[in-house]
Amino acid sequence: MKHQLRGLLPRPSWKQIVVSLLIAGLGLLAARALSQVNQDITLMYTEYTLGATELAHISADVIRFRATIIRALEARTKQDFERITVGLPEQRARIQHAIDRYAAASLRVSRSGRSEVDDLRAVKISLDDYFQAASKTMMLLTQMWIAATPQEAAALRQQAEIQAADNSGPKLIQVSLALDRLLETIADVAKDLRDEGTQTLRDTSSAL
């Protein structure tokens with residue numbers, strides 16, 4: 001029976017074999033292309049959409065950190081000062097955590113030459129400079145509340161106000177500028193990924 005069935009079934013011609021191989025090859029090509037596009041879409045969401053959102057939160061957190069120090073400058077009592085500033089270490093840690101989390105992502109260079117690595121480094125440097133300046137303001141305020149005389153306390157308060165305005169203020173602007181540049185670079189890289197995905201789909205469609 002088996003021999004009869006084999007005799008009834010025609011052997012595929014070489015043309016049919018070639019066509020079958022082409023169909024299989026194009027199927028694999030399409031699968032790889034779709035897989036790559038899917039990876040790019042996932043990357044754009046997890047590393048760029050979420051990353052940009054976290055960086056925007058960093059900007060807001062830095063401004064909140066600054067506002068807390070300004071409130072500390074205006075504190076009327078030592079108890080008020082301690083209550084206002086108790087959350088500063090947590091705010092700073094949240095900012096640092098967001099930066100570290102983004103730094104662990106797959107950083108890239110856009111086609112236009114913008115580098116996420118370089119721009120992220122600039123953000124880190126500007127943040128370090130700002131936090132150092134803010135720490136000096138906090139040190140002066142802490143000394144003010146344990147000053148031996150009202151005259152010494154007044155002098156320390158004046159130094160802290162000058163430090164916050166003339167030193168910390170410009171450094172905060174540098175942080176904002178560095179964050180803006182990094183966000184622009186992220187958008188540039190995300191556009192490259194989108195364009196690459198679109199081109200991959202076009203090439204696959206043309207091949208099919």
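Me: What percentage of the residues of the protein chain count as buried?

Reply: Of its 208 residues, 31% count as buried. Buried means under 20% relative accessible area, exposed means over 50%, and partly exposed is in between (1.4 Å probe, protein chains only). This is a predicted model: local features need pLDDT of at least 70, side-chain atom pairs count only at pLDDT 80 or more, and totals for chains, interfaces and linings use all residues. Residues are numbered from 1 along each chain as its sequence is written, and side-chain values use heavy atoms, with hydrogens and water left out.

Me: What makes up the secondary structure of the protein chain?

Reply: Six helices and zero strands. Along the sequence the pattern reads α-α-α-α-α-α. The helices (H or I, at least four residues) and strands (E, at least two) are DSSP runs, numbered from the N terminus.

Me: What share of the contacts with a separation of 6 or more comes from residues 24 or more positions apart?

Reply: The share is 79% in the protein chain. Contact means heavy atoms within 4.5 Å.

Me: Why is the pairing of R94 and D61 called a salt bridge?

Reply: The rule asks for a side-chain nitrogen of Lys or Arg within 4 Å of a carboxyl oxygen of Asp or Glu. R94 and D61 meet at 3.6 Å, N to O, so the pair qualifies. R94 lies in helix 4 (residues 88–103) and D61 in helix 2 (residues 14–73), so the pair ties together parts that are 33 residues apart in sequence. The whole structure has six salt bridges.

Me: Are D61 and R94 buried or partly exposed?

Reply: D61 has 9% relative accessibility, so it counts as buried. R94 has 37%, so it is partly exposed.

Me: What makes R114 and E184 a salt bridge?

Reply: Their side chains meet at 3.2 Å, N to O. That is within 4 Å, so the label holds. The two are 70 residues apart: R114 is in the loop between helix 4 and helix 5 (116–144), and E184 is in helix 6 (residues 150–207). R114 has a relative accessible area of 19%, so it is buried. E184 has 46%, so it is partly exposed.

Me: What separates D118 and R121 in helix 5?

Reply: They are three residues apart, about one helical turn. Their closest N and O atoms are 3.1 Å apart, and they form a salt bridge. D118 is partly exposed at 42%, and R121 is partly exposed at 43%. Elsewhere, salt bridges that share partners join D61, R64 and R94 into one network.

Me: What makes a set of residues a nonpolar core, and how many residues has the largest?

Reply: A nonpolar core is a set of buried Ala, Val, Leu, Ile, Met, Phe, Trp, Tyr and Cys residues joined through side-chain atoms within 4.5 Å. The largest has 34 residues. Those with the most contacts inside it are I58, V62, L127, Y130 and L141. Helix 2, helix 3 (78–85), helix 4, helix 5 and helix 6 each give two or more residues. Helix 5 supplies the largest share, 10 residues. V62 touches I95, L127, Y130, L172 and V175, leaving aside residues up to four places away in sequence.

Me: Why is the pair of F65 and F131 edge-to-face?

Reply: The ring centres are 5.2 Å apart and the planes are at 80°, so the pair is edge-to-face. F65 is in helix 2 and F131 in helix 5, 66 residues apart. F65 and F131 are both buried.

Me: Why is the pair of Y130 and F131 called tilted?

Reply: The centres are 5.8 Å apart and the planes are at 50°, so the pair is tilted. Y130 is buried, as is F131. F65, Y130 and F131 form one aromatic cluster.

Methods. Phe/Tyr/Trp six-rings, centres within 6.5 Å; stacked < 30°, edge-to-face > 60°.
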